[in-house]
Amino acid sequence: MSEKPHSEDRESMGELLKQYRQLLNGKQHFLLEEDDFERVINYFDDSDQLPSAMEAAEMGLQQFPYSAQLMIKKADLLLATRKYREALEVLEMATLYDPTDINLYILKTDAYLALDQPQKAVELLEQALDMFTGEERLDLLFELADVYDDYEEFDKVFDCLLLILGEDPLNEEALYKICFWTDFTGRNEESISLHQRILEDHPFSELAWFNLAAAYQGLKLYEKAIDAYQYAVAIDEKFDYAYRNMGDAYLRLRKYKEAIEVLEKVLELNRPEELIYEAIGHCYHKMGQYAQARFNYKKAVHLNSTDCKLHYKVAVTYMLEEQWQTALKHLENAMRITRHVPEFNLAMGECHLNLRNYKEAIQHFGEVIHQKPRYLPGWEALLKCLLVAGMNEEMMETSLQALRVTEGKPLFLYYYSTALFSLGRSKEALIQLELALENAPRHLKKFIDLNPSILRNLQVVDLIARYKKAPRRKKKE
């Protein structure tokens with residue numbers, strides 16, 4: 001039964017096209033109605049037959065030369081064929097006959113934007129706002145917001161959305177858009193005030209609760225954000241973006257267990273997503289549950305095997321469990337995708353160091369320094385490796401190199417002193433240790449950790465004791 005009206009419309013359109021073609025060929029002498037011409041134009045336009053649509057518009061205007069409706073149709077076709085100035089001329093003519101048609105202002109706006117005249121588009125729309133009310137005024141405000149967006153007046157986009165929601169507080173399009181523009185413009189306080197007003201009258205608007213929460217989150221008021229998100233999901237228990245953002249807020253508060261619960265809800269509501277698995281893995285990682293972290297990181301890898309950082313995160317969980325050989329395999333996967341990442345080389349070096357593959361470890365630590373010459377952890381890793389490998393001459397030379405490259409960072413005086421002690425050059429080593437203590441006392445523990453047995457050296461113990469007793473000036477480290 002539902003097909004009959006559709007069939008009748010098709011037959012009606014077929015008959016109308018037949019009459020139109022007869023008129024076009026001079027075989028019919030009675031005229032079509034104005035609305036009939038509009039239907040014919042729409043038919044050809046919808047079928048992407050623009051020349052035929054324009055022909056119908058021209059014929060219609062011959063029969064009805066004062067029809068603003070047909071002029072607007074013609075202008076729309078001119079815009080579609082990029083004849084922007086001609087379109088404006090036709091629209092100006094149509095304005096004389098019916099200035100109350102909202103399509104005039106929307107099409108003029110499109111023409112001005114196409115001609116790169118955004119200011120004219122703004123002036124036109126601002127003037128037109130006073131002429132319309134209700135849905136038509138809202139349409140113009142949306143149009144104005146798009147114009148401001150096009151020429152990057154982003155705060156004015158936000159202002160337009162404020163006006164729309166002031167008149168229609170539950171307008172879904174505006175509620176969706178203002179959430180984005182609040183974040184983009186940073187106007188979180190205004191968004192909070194707006195949505196609090198909306199919720200006073202419409203307490204069951206899940207979008208208003210969501211936007212309120214997002215604005216709190218923008219101000220890092222995570223507890224308040226979570227409360228508002230919970231109202232949103234209480235109203236709509238399938239509101240996945242609310243769960244997603246709530247998970248982020250819990251993460252910021254380091255409430256990892258709660259974050260996992262809401263992020264798993266996102267997975268229930270949607271298809272599997274690598275970012276969610278990665279976030280859940282991060283939570284387990286922070287909780288020290290490395291097997292669970294790895295399980296989720298691997299799920300993320302399964303969804304996106306080309307993300308090198310996911311492979312790296314899997315490797316780190318193995319490193320934290322001292323499964324160095326297995327960690328190496330996953331680091332190799334990461335480096336097959338992207339080789340020149342300092343963190344990857346640093347981790348590779350650490351694995352090889354713990355496996356006593358000193359040559360390979362030195363190569364990777366050296367690569368870190370090559371990639372980031374002033375990266376202190378890279379130098380420290382290389383120097384520790386040389387110490388463990390018993391390469392004391394190389395450690396001494398590398399310490400001097402680190403001092404030069406980092407413009408005399410006193411941290412490396414401790415490494416230089418350690419190397420000198422290892423080479424039996426105690427007098428020079430004590431001099432360097434004293435310089436280090438003078439310039440960077442907070443790094444003393446690192447010096448002791450490099451070689452705990454150094455505390456058996458009475459001269460070292462005496463120097464440290466004398467330094468601790470002596471008054472000293474505060475120095476930049």
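Here are some notes on the cores, helices and ring pairs of this predicted model.

1. Ground rules. The model is predicted, so local features need pLDDT of at least 70 and side-chain atom pairs count only at pLDDT 80 or more, while totals for chains, interfaces and linings use all residues. Residues are numbered from 1 along each chain as its sequence is written, and side-chain values use heavy atoms, with hydrogens and water left out.

2. The main core. Start with the largest nonpolar core, which has 123 residues. A nonpolar core here is a set of buried Ala, Val, Leu, Ile, Met, Phe, Trp, Tyr and Cys residues joined through side-chain atoms within 4.5 Å. Buried means under 20% relative accessible area, exposed means over 50%, and partly exposed is in between (1.4 Å probe, protein chains only). Those with the most contacts inside this core are Tyr-20, Val-40, Leu-140, Leu-161, Tyr-229 and Met-246. Its largest share, 9 residues, comes from helix H12 (residues 206-218). Helices are DSSP runs (H or I, at least four residues), numbered from the N terminus.

3. As background, nonpolar side chains tend to be buried together in soluble globular proteins.

4. Met-246 and helix H13. Leaving out residues up to four places away in sequence, Met-246 touches Ile-226, Tyr-229, Gln-230, Val-233 and Val-262; contact means heavy atoms within 4.5 Å. Ile-226, Tyr-229 and Val-233 turn up again among the buried residues of H13, together with Tyr-222, Ala-225, Ala-228 and Ala-232. Seen down the axis of H13, the buried residues fall within an arc of 165°, so they line one face of the helix. That arc is taken from the directions from the helix axis to the C-beta atoms. They pack against H12 and helix H14 (240-252). As for length, the 14 residues of H13 (residues 222-235) should span 20 Å at 1.5 Å a residue, and the end C-alpha atoms are 20 Å apart, which agrees. The expected span is 1.5 Å times one less than the number of residues.

5. Helix H7. This helix (residues 118-129) has 12 residues and reaches 17 Å from its first C-alpha to its last, close to the expected 16 Å. Pro-118, Ala-121, Val-122, Leu-124, Leu-125, Ala-128 and Leu-129 are buried in H7. These too fall within an arc of 165° seen down the axis, so they line one face of H7. Their cover includes helix H6 (102-114) and helix H8 (134-150).

6. Helix H11. With 14 residues (188-201), H11 reaches 21 Å end to end between C-alpha atoms, close to the 20 Å expected. Its buried residues are Asn-188, Ser-191, Ile-192, Leu-194, His-195, Ile-198 and Leu-199. They pack against helix H9 (154-167), helix H10 (172-185) and H12.

7. Leu-16 lies in helix H1 (residues 3-24) and counts as buried at 5% relative accessibility. Neighbours within four places aside, Leu-16 is in contact with Leu-32, Asp-36, Arg-39 and Val-40. Leu-16 and Val-40 are 24 residues apart in sequence, yet 7.7 Å apart C-alpha to C-alpha. Tyr-84, in helix H5 (residues 84-97), is partly exposed, with a relative accessible area of 22%. Beyond four places in sequence, Tyr-84 touches Leu-79, Ala-111, Ala-114 and Leu-115.

8. Aromatic pairs. The structure holds 17 of them. Rings of Phe, Tyr and Trp (its six-membered ring) pair if their centres lie within 6.5 Å; planes under 30 degrees apart count as stacked, over 60 as edge-to-face and the rest as tilted. Phe-412 and Tyr-415 form a tilted pair, 6.0 Å centre to centre with 40° between the planes. Being 3 residues apart in helix H24 (residues 411-422), Phe-412 and Tyr-415 are separated by about one helical turn. Tyr-414 and Phe-447 are also tilted, with centres 5.8 Å apart and planes at 45°. This pair links distant parts of the chain, 33 residues apart: Tyr-414 is in H24 and Phe-447 in helix H26 (residues 444-450). Elsewhere, ring pairs link Phe-154, Phe-180, Trp-181 and Phe-184 into a cluster.

9. Charges over rings. The charged end of Lys-372 sits over the ring of Tyr-375, 4.3 Å from its centre. The charged end of Arg-244 sits over the ring of Tyr-241, 5.2 Å from its centre. The test is NZ of Lys or CZ of Arg within 6 Å of the ring centre and within 35 degrees of the ring normal.

How values were computed:
Helices (H or I, at least four residues) and strands (E, at least two) are DSSP runs, numbered from the N terminus.
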